[in-house]
Amino acid sequence: MKKSLICLAVTETTLGKNLNTILKYRNSIDMVELRADFLDKAELPFLHKFPRMTDLPIILTIRKKTDGGKFVSDERQRRQLLGNGIQGNYSYIDLEEDFTDNDFSKRIKKKGVKIIRSFHDFSGVPHDLSRRIKALAKSPGELPKAAVMPQSTSEVYRLLQCYKECDHMDKILLGMGTFGFPTRILCSSLGSYLTYCSAPGASAAPGHIDPVTLTDLYRFREISPKTFVYGIIGNPVMHTFSPCIHNPGFARIGLDAVYLPFHVDSIKDFMEVAEFLDIRGFSVTIPHKENIIQFLDKKDQSVTQVAACNTVVKEESTHKPARYCGVNTDGIGFVEALKERLNKTSLDGLKVTTIGAGGAAKAIVFALVSEGAEVLIINRTVHRAEKLADSFHCAWAGLDDDGLLKMQDYSDIIVQTTSLGMEPNSNMDPVPGYTFKGHETVYDIVYKPEMTLLLKRAQKAGCSIILGKEMLLGQAFVQFRLFTGKEYPDKAGVRILL
Ligand code: ATR
């Protein structure tokens with residue numbers, strides 16, 4: 001399969017500004033799409049001069065409002081502008097499916113300009129997408145382009161099927177929006193002549209990222225059908241740090257692999273996507289950590305005990321359908337960061353207070369108890385503290401005077417797992433009545449803000465503190481080991497990055 005090209009869509013209001021954007025990203029791109037529908041009117045008479053300003057192949061596009069662009073004048077004027085434009089040295093011109101002027105198309109071809117014949121669907125992935133792509137070209141040599149916006153994971157799967165059905169032909173085929181994002185990265189393995197990207201803050205279409213992220217973080221130019229695919233499923237998911245942890249890790253150990261965010265609304269449908277892309281492993285985040293369990297063929301004790309799973313690894317076998325094993329690395333990651341800080345190989349005999357009794361606390365208490373720690377759980381809703389304590393044979397109390405008193409006996413380590421202290425509640429402290437003595441190690445799993453009120457108070461009293469990002473990194477490092485069989489290669493580097 002041919003390597004896909006990186007096309008920077010430029011959407012500035014003047015040709016000069018567009019040129020500056022191109023120069024800035026010159027090393028990360030192969031070609032440019034001039035979105036002339038974004039230009040000031042005064043610039044339009046000079047369209048033909050633009051290709052001479054750069055050495056890259058350029059696509060001329062004047063996108064109508066109805067196709068997601070900005071051009072609102074009549075069709076005759078658009079044709080005139082395109083006609084003037086191609087007096088310059090454009091390599092491609094983008095004409096929509098409903099552009100039916102054959103004489104104009106012949107003129108363009110005579111000038112040696114290649115036609116990209118496009119259609120856009122912002123409402124979803126049409127059921128007859130393959131048929132439409134195959135019928136797009138209106139004359140030999142035209143390059144068909146379809147940009148469609150999946151509205152669900154099942155539509156992503158439909159789009160993937162379409163790559164397979166149109167495997168034999170040159171085309172541009174891309175999924176827009178958050179659901180479609182992985183297709184923008186996997187072009188060289190799925191089969192799309194190019195991918196589009198935009199400068200930061202100037203996205204020309206839903207889901208564009210900047211060229212440097214494309215080449216440096218996702219290593220777009222190295223992706224091939226042989227590249228292993230990993231990822232994270234969630235809803236929402238695009239904000240997650242995980243690609244910034246795993247992709248640089250893969251690069252450093254020389255693994256031909258990419259880690260992508262998958263916006264998922266149905267795990268059942270995602271499992272079909274996973275099978276199609278031969279996904280080797282994936283992280284699981286909110287709201288799928290519980291529901292994923294029914295799709296696992298094997299479950300680690302960390303999953304059965306906590307009733308939540310954040311890591312899925314595909315078994316290494318040719319078995320069809322693929323078999324998946326689930327692990328929960330939240331607790332393990334939490335404890336690894338703790339042991340590293342305490343410089344201990346076990347937590348045997350240490351007395352720990354855990355504030356909170358929700359999902360995060362459950363994973364943490366399981367891991368603490370497995371390491372031999374003695375745990376007190378204190379929580380606002382006392383019966384939740386009791387219920388969790390019963391499962392793991394711990395002590396429990398309310399988030400009240402009784403709890404504060406008991407904390408005195410469980411104060412080697414204090415772990416904070418509630419949302420108190422997290423933005424927008426950053427002025428809150430879950431245990432304002434507890435006075436730190438200075439010997440406690442205090443670990444707050446909130447990572448926004450980095451220094452919570454509780455941690456500030458603990459640090460002032462001379463306690464050793466551990467930031468929430470350590471748990472985030474800790475669980476990712478364990479995942480990396482499960483995905484690759486190797487230790488994460490640059491823990492210090494990624495810590496600084498985060
Ligand atoms: P997570 O999966 O992130 O742990 P969760 O399961 O909703 O989220 O649990 C949230 C935890 O924060 C619970 O322990 C909750 O206490 P309750 O069980 O009493 O609800 C705790 N929490 C949330 N808001 C709180 C508040 N304002 N004061 C005290 N505890 C709070």
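Q: Is Lys339 buried or exposed?
A: Lys339 is buried, at a relative accessible area of 17%; buried means under 20%, exposed over 50% and partly exposed in between, with a 1.4 Å probe and protein chains only. This is a predicted model, where local features need pLDDT of at least 70, side-chain atom pairs count only at pLDDT 80 or more, and totals for chains, interfaces and linings use all residues. Residues are numbered from 1 along each chain as its sequence is written, and side-chain values use heavy atoms, with hydrogens and water left out.

Q: Which side chain does Lys339 meet in a salt bridge?
A: That of Glu371, at 3.2 Å, N to O. A salt bridge here is a side-chain nitrogen of Lys or Arg within 4 Å of a carboxyl oxygen of Asp or Glu.

Q: Where do Glu371 and Lys339 lie?
A: Glu371 is in the loop between α13 (359–370) and β16 (374–379), and Lys339 is in helix α12 (residues 329–342), 32 residues apart. Helices (H or I, at least four residues) and strands (E, at least two) are DSSP runs, numbered from the N terminus.

Q: And how exposed is Glu371?
A: Partly exposed, at 22% relative accessibility.

Q: Switching to Arg63: what does its side chain meet in a salt bridge?
A: Glu96, at 3.0 Å, N to O. Arg63 sits in the loop between β3 (58–61) and α2 (75–85) and Glu96 in strand β4 (residues 92–96), so the pair ties together parts 33 residues apart in sequence. Both Arg63 and Glu96 are buried.

Q: Which residues are linked with them in a network of salt bridges?
A: The network links Glu33, Arg63, Glu75, Arg78, Asp94, Glu96 and Lys145.

Q: How many salt bridges by this rule?
A: The count is 32.
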